[in-house]
Amino acid sequence: MLEMLKKPRSHRSRLMEKDVDEIETRIARIKSERRVKDSRIFEVVEEVFDYQTLMALYKLLNAGVVKLVHGVVAAGKEARIYWAEARDGSDIALKIYLVQAAEFRRGRLMYIEGDPRFKRVRGDKRKLVELWCSKEFRNLLRAHEAGVKVPRPIARRGNVLAMEFVSDPAQRGRPAPLLKEVSLDNPEAAFETIKRYIALLYTKARLVHADLSEYNIMVRGEELVLIDFGSAVDADHPMAVDFLYRDVRNVFAFFSRIGLDVGDPTAFVSYLLQR
Ligand SMILES: Nc1ncnc2c1ncn2[C@@H]1O[C@H](COP(=O)(O)OP(=O)(O)O)[C@@H](O)[C@H]1O
Ligand SMILES: [Mg+2]
């Protein structure tokens with residue numbers, strides 16, 4: 001799979017070669033470890049690391065962001081999440097957007113169209129995927145700077161986003177559980193925290209998540225971490241208020257289902273809009 005990278009040998013330094021060999025060995029190990037248990041992961045590895053993706057990973061290696069790629073920890077329709085390791089040994093998550101994802105263009109365009117930051121949306125599928133990936137990176141940065149707890153964004157090359165790995169405190173390399181999967185010790189406090197994050201996002205980062213629910217909130221011990229910012233839009237986006245309503249309704253509905261007296265979601269949105 002990495003053969004393509006090896007062809008123009010004169011263009012590659014020895015260090016690069018060593019790094020690529022290391023990745024290759026790792027991938028081979030992941031494959032042989034997983035093949036028996038789950039042949040799908042085997043395909044996933046093949047599918048994700050196309051030539052352009054390898055180039056993006058390669059750039060992250062050379063920039064010193066990534067040292068090793070351990071393996072897939074989550075696979076969705078549009079992206080895969082990998083557990084990887086930085087040079088300093090810390091854990092990082094790589095979100096690799098799939099260029100082949102067929103529904104990408106149709107489903108996601110509405111989030112980019114009308115956003116003043118993304119005027120040029122013409123071009124091929126890869127361009128759009130990379131735009132999407134850079135959008136998530138920038139959204140994470142804005143959220144992070146506004147004080148919202150999100151995976152700290154580290155770097156972005158092509159269709160690959162590197163960020164802090166949100167690990168399960170009980171096991172390194174396993175993602176912390178999602179809000180929908182846990183039973184909270186203190187649901188009232190969690191509800192207040194999420195409301196605070198929604199407010200900070202809107203008033204300080206000037207962002208609306210636009211895909212917020214118990215499926216995109218991770219629970220790391222006592223902390224709540226908002227993830228999946230690819231869909232987030234600028235507060236000036238023509239649909240921003242509609243998305244804000246939907247986010248707030250999702251969150252209120254979840255906490256209501258687990259027994260909280262959540263109050264009126266519309267009143268909370270009105271309060272946000274007046275700030
Ligand atoms: N920074 C991260 N650290 C650890 N696990 C993560 C991280 N980001 C995402 N994940 C895991 O990967 C899954 C999918 O990521 P997400 O960004 O929600 O993509 P999708 O668009 O496929 O929903 C999440 O549900 C979570 O389990
Ligand atoms: Mg998600």
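This is a predicted model: local features need pLDDT of at least 70, side-chain atom pairs count only at pLDDT 80 or more; totals for chains, interfaces and linings use all residues.

Residues are numbered from 1 along each chain as its sequence is written, chains are lettered from A and ligands numbered from 1 in the order written, and side-chain values use heavy atoms, leaving out hydrogens and water.

(Strands are DSSP runs of E, at least two residues, and helices runs of H or I, at least four, numbered from the N terminus; pairing takes at least two DSSP bridges.) Pro153 sits opposite Met163 of E5. Now click Gly158, which has a positive phi near 55° in this hairpin with two residues between its strands.

**The helix pair.** Next, show H7 (187-205) and H9 (265-273), whose axes come within 10 Å and cross at roughly 35°. (Axes are lines fitted to C-alpha atoms over the stretch in contact, with angles from 0 to 180 degrees between N-to-C directions.) Contact here means heavy atoms within 4.5 Å; from H7 come Lys195, Ile198, Ala199 and Tyr202, and from H9 Phe268, Leu272 and Leu273.

**The metal site.** Finally, pick the magnesium ion (ligand 2): its protein donors, Asn216 (OD1) and Asp228 (OD), lie 2.2 Å away. (Donors are N, O and S atoms within 2.8 Å of the metal, or 3.2 Å for Na, K and Ca; water is not among the atoms, so sites may look incomplete.) Asn216 is in the E8-E9 loop and Asp228 in the E10-E11 loop, so the pair ties together parts twelve residues apart in sequence. Buried or exposed? Asn216 is buried at 7% relative accessibility, while Asp228 is partly exposed at 25%. (Buried is under 20% relative accessible area, exposed over 50%, partly exposed in between, using a 1.4 Å probe and protein chains only.)
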